[in-house]
Amino acid sequence: MEAFSRFFLIDCSSHENLADLKEAILLLANKWAKISKRQKPCFCPSIYLNGLEPEKQIELKSQIYSSGIVFKDAYPFKGSKLSSKHFNSNPSLENKVKFKFVDSIEGLEALIKE
């Protein structure tokens, strides 16, 4: 994991407004990502939403994806195991990744350890 990588843990309630969460995530991505030809290596923030129900997490990801924002998580394909290699690949001008999602606290712990 790169020295500039940052993890943000956002504590959520079951009544969380998804529009507000989306706005907060995009603000973090804009402030803490550095993706340019001159920046080597490029980096972006990783975000874990503590307490957000899985259904709401999927809905939030869908809203972000639908608005054209590129992000990644630690699973390279549906049904795969968590992959730190996939998760830790650098963002670039080509892949346009603005931030990374961590789906669970167990996943966060595993990614930090590796």
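Helices here are DSSP runs of H or I with at least four residues, strands are runs of E with at least two, and both are numbered from the N terminus. With that in hand, Lys-40 lies in the loop between α1 and β2. I will come back to that residue.

First, the ground rules. This is a predicted model, in which local features need pLDDT of at least 70 and side-chain atom pairs count only at pLDDT 80 or more, while totals for chains, interfaces and linings use all residues. Residues are numbered from 1 along each chain as its sequence is written, and side-chain values use heavy atoms, with hydrogens and water left out.

Now the overall layout. The chain has 4 helices and 4 strands, and from the N terminus their order is β-α-β-α-β-α-β-α. The radius of gyration is 14 Å, close to the 13 Å that the globule rule gives for 114 residues, so the chain is as compact as a globular protein of that length. That radius is taken over C-alpha atoms, and the rule is 2.2 Å times the number of residues to the power 0.38. Along its principal axes, the C-alpha trace spans about 40 × 25 × 25 Å.

Next, contacts, meaning heavy atoms within 4.5 Å. Among contacts with a separation of 6 or more, 71% are between residues 24 or more positions apart.

On to burial. I use buried for under 20% relative accessible area, exposed for over 50%, and partly exposed for in between, with a 1.4 Å probe and protein chains only. By that count, 36% of the 114 residues are buried.

What does the largest nonpolar core consist of? A nonpolar core is a set of buried Ala, Val, Leu, Ile, Met, Phe, Trp, Tyr and Cys residues joined through side-chain atoms within 4.5 Å. The largest one has 16 residues, and those with the most contacts inside it include Leu-21, Ile-25, Leu-60 and Phe-99. Two or more residues each come from β1 (7-11), α1 (18-32), β2 (46-50), α2 (54-66) and β4 (97-102). Helix α1 gives the largest share, 5 residues. A second, separate core has 6 residues, among them Tyr-48, Val-102, Leu-108 and Leu-111.

Leaving out residues up to four places away in sequence, Ile-25 touches Ile-47, Leu-49, Leu-60, Ile-64, Phe-99 and Phe-101. In general, nonpolar side chains tend to be buried together in soluble globular proteins.

Ala-24 also lies in helix α1, but at 29% relative accessibility Ala-24 counts as partly exposed. Its C-alpha is 21 Å from that of Cys-42, which is 18 residues away in sequence.

Back to Lys-40. Is Lys-40 buried or exposed? Lys-40 is exposed, with a relative accessible area of 64%. Its C-alpha is separated by 33 Å from that of Glu-59, 19 residues apart along the chain.

Last, the loop between α3 (84-87) and β4, where Lys-96 lies. Most residues other than glycine have a negative phi. Lys-96 is not a glycine, yet its phi is positive, about 60 degrees. Lys-96 is exposed at 52% relative accessible area. Glu-94 is also in the loop between α3 and β4, and counts as exposed at 67%.
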